[in-house]
Structures are given as structure tokens and as C-alpha cells.
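Here is a report on one protein model.

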Amino acid sequence: MDQYRIAPGTTVHLADHDPADESWCPDGKDGARSAAKKATRRLEELQELLYAQGRHRLLVVLQAMDTGGKDGVIRRVFEGVNPLGVKVASFKKPSPADLAHDYLWRIHPHVPGNGEIAIFNRSHYEDVLVVRVHSLVPPERWERRYDHINAFERLLADEGTTILKFFLHISRDEQAARLRSRLEDPAKQWKFAKGDLEERALWDDYVTAYEAALSRTSTAAAPWHVVPADKKWYRDFVIGRILVDALESLQMSFPPPADDLAGIVVE
Ligand code: AMP
Ligand code: MG
């Protein structure tokens with residue numbers, strides 16, 4: 001079950017993680033698809049419980065290279081959940097107001113409250129990824145951020161938040177294929193930015209930055225998972241199962257009614 005979880009203290013080499021791996025699902029693509037569907041349905045029930053009980057909070061962090069599939073995971077894995085209890089926060093280039101504050105200032109308002117699931121589509125990790133790769137702040141500043149991030153996540157966990165972080169791991173070839181299909185398909189062209197090619201040229205620098213982040217910020221309270229993501233069906237299966245397992249381990253149950261219902265009749 002934990003084969004994609006990065007144990008705290010592990011030095012991650014992404015070259016050792018196969019983006020096309022599908023070994024966790026013995027029944028191949030069809031088996032994974034139906035297992036993923038089951039997980040999606042179970043996730044609906046568990047989210048209903050989470051919301052009804054209003055005690056736990058779940059934070060899901062999604063990071064990936066461009067085209068890695070973050071949007072697809074949000075669309076598919078969370079397909080059935082009730083929008084009442086789930087919020088998605090997408091973190092783009094910081095605004096002038098964001099930049100006038102510490103880098104966690106824009107993040108904290110989006111963490112989940114009681115009974116909520118928050119999904120981060122990109123996150124505070126950009127501040128040790130794109131920021132590091134493009135030298136947007138001097139090294140001594142981003143270098144300190146791994147510790148800040150661990151402290152921030154520990155604060156959230158100590159106060160009752162379950163945190164699961166997923167790096168959607170695609171290969172460089174798969175990225176090329178996905179960028180090409182964005183370029184060719186009028187329904188996908190809106191997703192293509194010229195800048196994506198500039199970022200692609202920095203692939204190795206991003207690998208280095210991701211390896212540092214994954215190695216230094218996978219903790220017991222907020223573990224990273226390196227999810228093989230070349231195959232979308234496998235990616236969705238893995239993430240769905242990990243979310244279901246995590247929510248099941250909270251052993252939630254529906255709360256008792258607020259009022260004594262004995263003898264009440266609805267006429
Ligand atoms: P997209 O997810 O394709 O809409 O792109 C969002 C862009 O915002 C990506 O290029 C990110 O690298 C960039 N971005 C997100 N957070 C930051 C940050 N803290 N500093 C600089 N750029 C960021
Ligand atoms: Mg983009």
C-alpha cells in the first residue's frame with residue numbers, strides 16, 4: 001500500500017521511480033479503472049462522513065511538472081464529491097500583494113476547516129521549485145524554506161489536519177506527447193503557453209528542485225507520494241486508493257442527532 005510513499009529521511013532520486021509503473025494493480029488497465037471507480041464512489045461516502053462529522057480536515061497537495069495531470073486528478077478522482085465540503089485552491093504567479101508578504105501568507109487562508117477537504121493545485125512548494133529554478137530569491141532564502149514548510153505543515157497537522165502530498169511523476173517523453181497534443185487540438189490549445197517550452201528546457205533543474213523538496217519535506221505528518229503518472233488511469237487509481245485508505249483510517253461515523261428525536265413524528 002505504501003509503495004509510493006516517501007519515508008521521512010529518504011533521499012529521492014526520481015530516476016529510480018518509473019513514471020510508467022503499474023505494478024500496484026495486478027489486473028491491468030481494466031482492473032485499475034474499475035478499482036478507481038470504486039475508490040471514487042467510496043470517496044464520496046467518506047467525504048460525506050467527514051462533512052457530517054465536522055471534526056477532521058484533509059489537505060491534498062498536488063504538484064507536477066507542466067502537463068503532469070493535476071487538473072485531471074481534480075476532475076476525475078474528486079468527480080463525485082459534494083462541492084459543499086471541498087474547495088480547490090490554484091496557486092499561480094504571486095500578485096504584488098502576495099509578494100509584499102512572506103510566501104506562506106497567501107497559502108494559509110486556503111487550508112481546510114473542520115469537515116472540509118482542500119485541494120492545492122500547486123502550493124507553497126512553488127516557492128522552493130520555480131523560485132529556486134529561476135533564482136527568484138537568493139539561495140540563502142529558498143534554502144531556509146524547507147524548514148519553514150515542515151514547521152508550517154506540522155502546525156496544521158498538530159491542529160488536526162491530515163495532509164497528503166502527491167507528486168505526479170511523468171517522463172520527459174510523456175510531457176512532449178502531451179504538449180504536442182495541446183498544440184494540435186483546438187480544444188486544448190488554451191492550455192498551451194509558450195513559456196511551457198522554456199520550462200521544459202529546464203527539466204533537469206526542476207528534477208533537482210523536486211528531488212530536494214521530496215527528500216527534505218516528506219514527514220510522518222505530511223508525507224509525499226511519488227505517483228507514476230504517465231498512465232492517467234493508473235495515476236487516478238493510485239491517488240484514489242491512497243485517499244480512501246487515509247480517510248478510512250480516521251474511523252469516522254455519522255454524528256448523533258443534535259436533538260433528541262425519540263417520539264418525534266413528521267405529520
Ligand atoms: P498554471 O498552473 O499552468 O496555470 O501556471 C501557473 C504558473 O504560476 C506556473 O508557471 C507556476 O510555476 C507559477 N507559479 C506558481 N506559484 C509561483 C510562485 N510562488 N512564484 C513564481 N511563480 C509561481
Ligand atoms: Mg500551465
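The whole structure of this predicted model holds 8 aromatic pairs. Rings of Phe, Tyr and Trp (its six-membered ring) pair if their centres lie within 6.5 Å; planes under 30 degrees apart count as stacked, over 60 as edge-to-face and the rest as tilted. A pair of aromatic rings is described by the distance of the centres and the angle of the planes. Two of the pairs are tabulated here.

| Ring pair | Centre to centre | Angle between planes | Class |
|---|---|---|---|
| Tyr4 and Trp24 | 6.1 Å | 70 degrees | edge-to-face |
| Phe91 and Phe120 | 5.1 Å | 75 degrees | edge-to-face |

Tyr4 and Trp24 both lie in the segment before H1, 20 residues apart, and their pair links distant parts of the chain. Helices (H or I, at least four residues) and strands (E, at least two) are DSSP runs, numbered from the N terminus. Tyr4 is buried, as is Trp24. Buried means under 20% relative accessible area, exposed over 50%, and partly exposed in between (1.4 Å probe, protein chains only).

Phe91 sits in the loop between strand S2 (86-90) and helix H3 (96-99), and Phe120 in strand S3 (residues 117-121), so their pair ties together parts that are 29 residues apart in sequence. Phe91 and Phe120 are both buried.

Side-chain values use heavy atoms, with hydrogens and water left out, while residues are numbered from 1 along each chain as its sequence is written, with chains lettered from A and ligands numbered from 1 in the order in which they are written. Because this is a predicted model, local features need pLDDT of at least 70 and side-chain atom pairs count only at pLDDT 80 or more, whereas totals for chains, interfaces and linings use all residues.

Which residues do ring pairs link into a cluster? They are Tyr4, Trp24, Trp233, Tyr234 and Phe237. Tyr234 is in helix H9. Its relative accessibility is 0%, so Tyr234 counts as buried. Tyr234 touches Tyr4, Asp21, Glu22, Ser23, Trp24, Cys25 and Pro228, leaving out residues up to four places away in sequence. Contact means heavy atoms within 4.5 Å.

The charged end of Arg145 sits over the ring of Tyr103, 4.2 Å from the ring centre. A charge sits over a ring if NZ of Lys or CZ of Arg is within 6 Å of the ring centre and within 35 degrees of the ring normal.

Gln47 lies in helix H1. Gln47 has a relative accessible area of 2%, so it is buried. Beyond neighbours within four places in sequence, Gln47 contacts Val81, Asn82, Gly85, Val86 and Ile117. In H2, the buried residues are Lys70, Gly72, Val73, Ile74 and Val77. Their cover includes H1, strand S1 (57-64), S2, S3, strand S4 (161-169) and H9.

Two residues other than glycine have a positive phi. For Ser135 the value is about 50 degrees. Ser135 is in the loop between helix H4 (130-133) and helix H5 (139-158), and is exposed at 56% relative accessible area. For Gln251, phi is near 50 degrees. Gln251 lies in the segment after H9, and is exposed with a relative accessible area of 70%.

Arg154 belongs to helix H5. At 55% relative accessibility, Arg154 is exposed. Its C-alpha atom is 21 Å from that of His101, 53 residues away along the chain.

Of its 13 lining residues, Arg33, Ala36, Lys37, Arg76 and Asp236 are the closest to the centre. On a 1 Å grid over the protein atoms alone, a pocket is an open set of points where a 1.4 Å probe fits, with protein on both sides within 12 Å along at least five of seven lines; lining residues have an atom within 4 Å of a point.

H1 gives the most, with 6 residues. The lining divides into 7 charged, 4 nonpolar and 2 polar residues. Here Ala, Val, Leu, Ile, Met, Phe, Trp, Tyr, Cys and Pro count as nonpolar, Asp, Glu, Lys and Arg as charged, and the others, Gly among them, as polar.
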